[in-house]
Amino acid sequence: MSDVIAEMSDKMSKSIEAFKVDLSKIRTGRASISILDDITVDAYGGSMPLNQVGTITIPESRMIAIQPWDPQMLPAIGKAILKSDIGLNPDNDGKIIRLNIPQLTEERRKVLVKQVKKIAEEFRVAVRNVRRDAIETLKKQKKDKEISEDDLFKLQDDAQTATVMHIKQIDEATASKEKEVMEV
């Protein structure tokens, strides 16, 4: 396999990983620590990720508990959660913050499925753009007589095969996430 195809496959694989990270942040009605990944707390004169100021656990399927290492951080954590766009209200009992994940309505589930499909399409386009760039590089190599015409056709087929495989992975992850969102 040529370096161009190997590099293209690597970029596509990284796109798939980024896609899965984006999917993990979509709330499904079940508690998931990943929905808190982007929340930062104003702590000790700076901004710190939430997971660095306390312990985050899931004691029940619809609850996330955050126990700060320093109890004085409770108000700052609560404020950071409210400021984020996750749509959850922190319940502070003086020792621990609980986030109750409400049951999703049918309407909200449909909105989330549309969001999943939109993200999936963006990543499909990204994978196709990587393929297009690789094929342009291969055509330039043929023009510069670095590869033969037969090699160009074979490498284009390899690029298409890799693209189909990666798009299939996006489709499978999308279907899985849609099923998860639509579960009651």
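This report describes helix packing, nonpolar cores and salt bridges in a predicted model.

## Packing of α1 against α3

Two packed helices are described by the angle between their axes and the distance between the axes. For helix α1 (residues 3-24) and helix α3 (residues 106-143), the angle is about 170 degrees and the axes lie 10 Å apart. Angles over 145 degrees count as roughly antiparallel, and α1 and α3 are therefore roughly antiparallel to each other.

On the α1 side, the contact is made by V4, I5, M8, K11, M12, S15, A18, F19, D22 and L23. Their partners in α3 are V116, I119, A120, F123, A126, V127, V130, R131, A134, T137, L138 and Q141. By class, the contact of α1 with α3 comprises 16 nonpolar, three polar and three charged residues.

## Nonpolar cores

The largest nonpolar core contains 29 residues, and M8, F19, L138 and I170 have the most contacts inside it. At least two residues of this core come from each of α1, α3 and α4 (149-182). The greatest contribution is that of α3, with eleven residues.

Leaving aside residues up to four places away in sequence, F19 touches I119, A120, F123, I170, A173 and T174. A second, separate core has 21 residues, including I56, M73, L88 and L99.

## Salt bridges

Side chains of opposite charge can pair when their charged atoms come close. The model has 14 salt bridges, counted with a side-chain nitrogen of Lys or Arg within 4 Å of a carboxyl oxygen of Asp or Glu.

One of these joins R98 to D93, with the closest N and O atoms 2.8 Å apart. R98 is partly exposed, at a relative accessible area of 27%, and D93 is likewise partly exposed, at 44%. In the salt bridge between K140 and D144, the closest N and O atoms are 3.0 Å apart. Here K140 is exposed, with a relative accessible area of 53%, whereas D144 is partly exposed, with 40%.

K154 pairs with D158 in a further salt bridge, the closest N and O atoms being 3.1 Å apart. Because K154 and D158 are four residues apart in helix α4, about one helical turn separates them. D158 is partly exposed, with a relative accessible area of 23%. Beyond these pairs, E121, R124, R128 and D171 are linked in a network of salt bridges.

Conventions:
Residues are numbered from 1 along each chain as its sequence is written. This is a predicted model: local features need pLDDT of at least 70, side-chain atom pairs count only at pLDDT 80 or more; totals for chains, interfaces and linings use all residues. Side-chain values use heavy atoms; hydrogens and water are left out. Axes are lines fitted to C-alpha atoms, for helices over the stretch in contact, and angles run from 0 to 180 degrees between N-to-C directions. Angles under 35 degrees count as roughly parallel, over 145 as roughly antiparallel, 65 to 115 as roughly perpendicular and the rest as oblique. Contact means heavy atoms within 4.5 Å. Ala, Val, Leu, Ile, Met, Phe, Trp, Tyr, Cys and Pro count as nonpolar, Asp, Glu, Lys and Arg as charged, and the others, Gly among them, as polar. A nonpolar core is a set of buried Ala, Val, Leu, Ile, Met, Phe, Trp, Tyr and Cys residues joined through side-chain atoms within 4.5 Å. Buried means under 20% relative accessible area, exposed over 50%, partly exposed in between (1.4 Å probe, protein chains only).
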